[in-house]
Structure formats: structure tokens, C-alpha cells
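Dear colleague,

I am passing the structure on to you below, and my notes on it follow. Please read them with the model open beside you.

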Amino acid sequence: MNPDYNVEFFRNFMLVMNALDNRAARNHVNRMCLAADIPLIESGTAGYLGQVTVIKKGLTECYECQPKPTQKTFPGCTIRNTPSEPIHCIVWAKYLFNQLFGEEDADQEVSPDTADPELSWNPADTEARATASDQDGDIKRVSTKDWARSTGYDSVKLFNKLFKDDIQYLLTMDKLWKKRKAPLPLDWLELQKLACPQEVTGTGLKDQHVLGVAGYSQLFSRSVETLRSMLADKGDGAELVWDKDDPAAMDFVTAAANLRMHIFSMNMKSRFDIKSMAGNIIPAIATTNAVIAGLIVLEALKILSGDVEQCRTIFLNKQPNPRKKLLVPCALDPPSANCYVCASKPEVTVKLNVNKTLVLALQDKILKEKFGMVAPDVQIEDGKGTILISSEEGETEANNSKFLSDFGIRNGSRLQVDDFLQDYTLLVNVIHCEELEKDVEFEVVGDAPDKAPTPPSSQEEQKNFANGNKDSAEPSTSSNAPAEQDDVLIVDSDEEPSSSTMDVSTESGGLKRKLHDAETGEASAKRQRLDQATADDDDDIIALD
């Protein structure tokens, strides 16, 4: 996203091949290729699954024509007070790493959340009971990092605060445990009296073993000592950055997450499993990548030969379909008339409260995070051309802490947003709304979840990853197939194509959607197979990033 790689830079090439690992980067390259009018070959793999598709301005859907599911997040009170799944404990452990050794973030607090809406207890009584547990190291409830520093990162005191004192404090929040199993505090000294730590699993690689709770307490202590030394070596004010490939950081998250899982009566996980979840990764398979790389080249050859119309989306399946095919090509859809990126005049409608939405929130959460812009400039269409946000540093910084209503923005106002790096202009229509759902700052009218897919019946392959990352989502490739065959890609090239329509299920973040929309009856969203289709194999094609 560096300004050096502008539209002119992209125009130097005949085509672009994407093998990215996150949605923001995919969105950006998609826009740069549209602006430069350069064909883009988009691709992704996840374990044994993969796909390749081609994006050409004016000819096919772009990467953003179809809404993508947002990345799953968890309420802070679930992470801090009432975890019920291993992933909650893993997220907590990653937050804890940052609170102790990295950049502190107020949204990543790990201490018990007293603002939990479920709570119903007497604060004075709770404080009295919680104080009774604040004995080891004279613990006071201050910033996690400040307290850790005051103890010299003493691993025993840290252990007892996180896994004993904080848990005892949680237990005083009576209402939380009326319908849940209460957590069980751990004590360092009691654990050290246990026999030598036993591994629950004795087969497989070392990373696939699951230690006992005493073993993870020792691993926690060792990792804290290592990270403390690494922090000290960097000097005063230094911070560490969590990296799944850093052994000490991974040891810390593995130990802390497993100790918390044990406290909340969950089965503990191996380091291998925790690394996969903590890094949002799925193991890469070299042969899958090789097949997809080969398919990228085949599509590139068509583009370089001037045969863009012959390009396809190709899915690589985990196992052969009923006709013993692993590779299934599909025709490409035309651009969506409603796309807010590749339409001739991109336009969106955003519902928000103009009296509560800050200019900074408009810039960061709506324009950058939601609409994928890099450096937006915003002008109010008020007849005066008022500049609300400028990409020039410092020019409109004073506006950031003001509300949209302070600039006369109200129901029906229109904002012209330009991103000069992406050569992209978007018209934003504002709808003032004071009745948004709790914790919802804005809604894009007509966007997900209004068009939410239906849940899948099968859970075997619900993950939507792209080259090892869960953030991105697949480009849609639904369409009607042309009459001719693509004999390079069809395994049984002597089969005659079928004219029957084809329902393809795409899996996005655990959600499967039929590409024909039951509510709108859009028949154009149905696909035709290039080979003989049967009614009983709707689900033999999996779309990935």
C-alpha cells in the first residue's frame, strides 16, 4: 500500500498474479488493477482446497462485488469473564502477552470485567472478599504491565495473580455462575507438590503432546523468564511483538491458554493446535500450492494470448466428485451493478448517528476498515465544498475529535470520498439513525448481514482460509457456462457440457450460501457446469479465498 506503488506502477504490467494472505491487501490490489485496467489473477489455498479466478475491469466481477463475511470477534466480557471455548482462552493469552510485554491496548484488557452486563452483585461485598485474596506480593488492582514491572516480572506472583487471585475475584461475581460451571482457581505452590508433569498424549511430534496442568505451569514460568530477558535486552520502554514463530512467545500463549482452559473446565490443547488457532493458520500443502500455481499460469497464458473471454474460475477439490474430477472450472460472472468498487459511479448508503459518530471513526472504522481505503479525502456536498478529512498530514487533524453533526452533516447528507492512491471515488449517502443495535456504530444499507447466508448442514470444511489466513473471503464466480469446453482443465475432456444450471455452495467463515438468492430469485446467480451435472452433487465444489 506504499504510495510508490501507484496506478502508474501497476500500468507497467500486462497482468497481476495475487497470492496474498489477507483481505485488506486483496481489496487494495483489486482496486489498483481496476484503476490501471490490468487483468488480475486472484488465487488462494487452504489445505487440500484451492481456487483461481480472473478479474478484468468491465468484463468480470471484481474481488469486492460480493459482500464478504466479517472476521469473527468475541465480546470482551466473554474473553475476560466467561470463556466457553478454547479460542476464547487463546485470544485471552494473546491479549495477556501484549499487556505484559507488548503494546498495551485498552480493548485487550485481561482482568475481570466488572462492567459485564450479566453481573448482579454487591460491589462493596465483592471488594471485601476480593481483598482477602490479595496477599501474595501485596497485589493491588493496577495496570497489568505496571504491576508486572513492580514485581520484576516474578513468574510466581504473575501466576498467582492471573490464575488464582483474578479467578477468585471472578467467583465473587455471583450471577455469572448460576447457570455455568464456576472456574477453579490454581495455586502455584499446590501445583509444585504434584508429581512430575505427565503428558496426556504420548504419540506424535513433541508439539502435538498435551502436558498436564503442572507441566504448563512450569512452561509458563520458563517462558515469562525468557520474555523478561528479551524485553530487558531491548532497553527501557521497549516492547515485544507477538509472533507465532517466536518459540518463547508461542510457549507463553500455549501455557497461559491451557492453564485458563483447565480453570474453566475445558480440555487442554497441544501447542500445534494452539499455534494453528492463534495464528489463524491452516497448514500449507506444497502440492496444493503447486497445482494452484499451475492453474494461475494457465489463466495467465490465456490473458497473454488475448483470450481473456476464455478465462475461468477453477476450484480444486479435496476429493474427486462423482465424475472423478478434482478440478472444476466455472464461467466468470459479469460485474455487479451494485458493487461499490467497480460500478461506473460507486455509491453506498451508511446508517449512523451523526450526533455520536466522530470524524475519526468515519475515517478509520468506516472508510479505511469497512471500505478498504488507504488515504481517504472527504468533502461534504454542502454547496461550499467543506473539506472534512484530508490525506495531507495535519491538515484536518483538529476535526478528528468532533462529531459529524458539528459540520452540518445530517440525515440525507452526501459525502464525496476520494482515495488518490487507489484512483477511487465513492459517494457516501448518510442516513441519521438513533436506534442502532447495541455496540453497533454504523450499518451499510443492503450489506451483510441483510444478505446473510444460511448455515451449512455439514461442518467438515467450514473454514475459509486463504494461503493460511482466515481474514480474506472468496471472489464469487457464479455464472452461466458458455457452450464450449475448456479441455485443458476438464479431466474427462470428451464429456459433452451440460446446459443444466449449477448450484454451487461457497463456504465463507463457516457460512455456506447458495449462489441463487432465494429472496430475490436472481437466476443469473446460478452457475452452469462445463461438464455433465447431476442433481445430487450440489456440494462437490468448495470456494475458497
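A residue is called buried here when its relative accessible area is under 20%, exposed when it is over 50%, and partly exposed in between (1.4 Å probe, protein chains only). Please keep in mind that this is a predicted model, in which local features need pLDDT of at least 70 and side-chain atom pairs count only at pLDDT 80 or more, while totals for chains, interfaces and linings use all residues. Residues are numbered from 1 along each chain as its sequence is written, and side-chain values use heavy atoms, with hydrogens and water left out.

With a relative accessible area of 32%, F403 is partly exposed, and its place is in the loop between strand 8 (387-389) and strand 9 (414-419); strands (E, at least two residues) and helices (H or I, at least four) are DSSP runs, numbered from the N terminus. Together with L358 and L360, F403 makes a nonpolar surface patch of about 210 Å². Such patches are made of residues with over 30% relative accessible area and no salt bridge, nonpolar side chains (Val, Leu, Ile, Met, Phe, Trp, Tyr) being joined within 5 Å and like charges within 9 Å, and the accessible areas come from the Shrake-Rupley method with a 1.4 Å probe, where for residues only the protein chains shown count as cover.

Q99, which lies in helix 4 (residues 86-101), counts as buried because its relative accessibility is 2%. Leaving aside residues up to four places away in sequence, Q99 touches E104, D105, Q108, E109, V110, T144 and K145, a contact meaning heavy atoms within 4.5 Å.

Turning to charged pairs, the structure holds 16 salt bridges, each being a side-chain nitrogen of Lys or Arg within 4 Å of a carboxyl oxygen of Asp or Glu. One of them joins the side chains of D166 and K161 at 3.0 Å, N to O, and both D166 and K161 are buried. Another joins R228 and E225 at 3.4 Å, N to O; these two are three residues apart in helix 9 (residues 213-234), so about one helical turn separates them. R228 is partly exposed at 30% relative accessibility, and E225 is partly exposed at 32%.

D245 also forms a salt bridge with K244, with the closest N and O atoms 3.3 Å apart; D245 counts as partly exposed at 49% relative accessibility, and K244 is partly exposed with a relative accessible area of 23%. Finally, a network of salt bridges links D207, D251 and R271.
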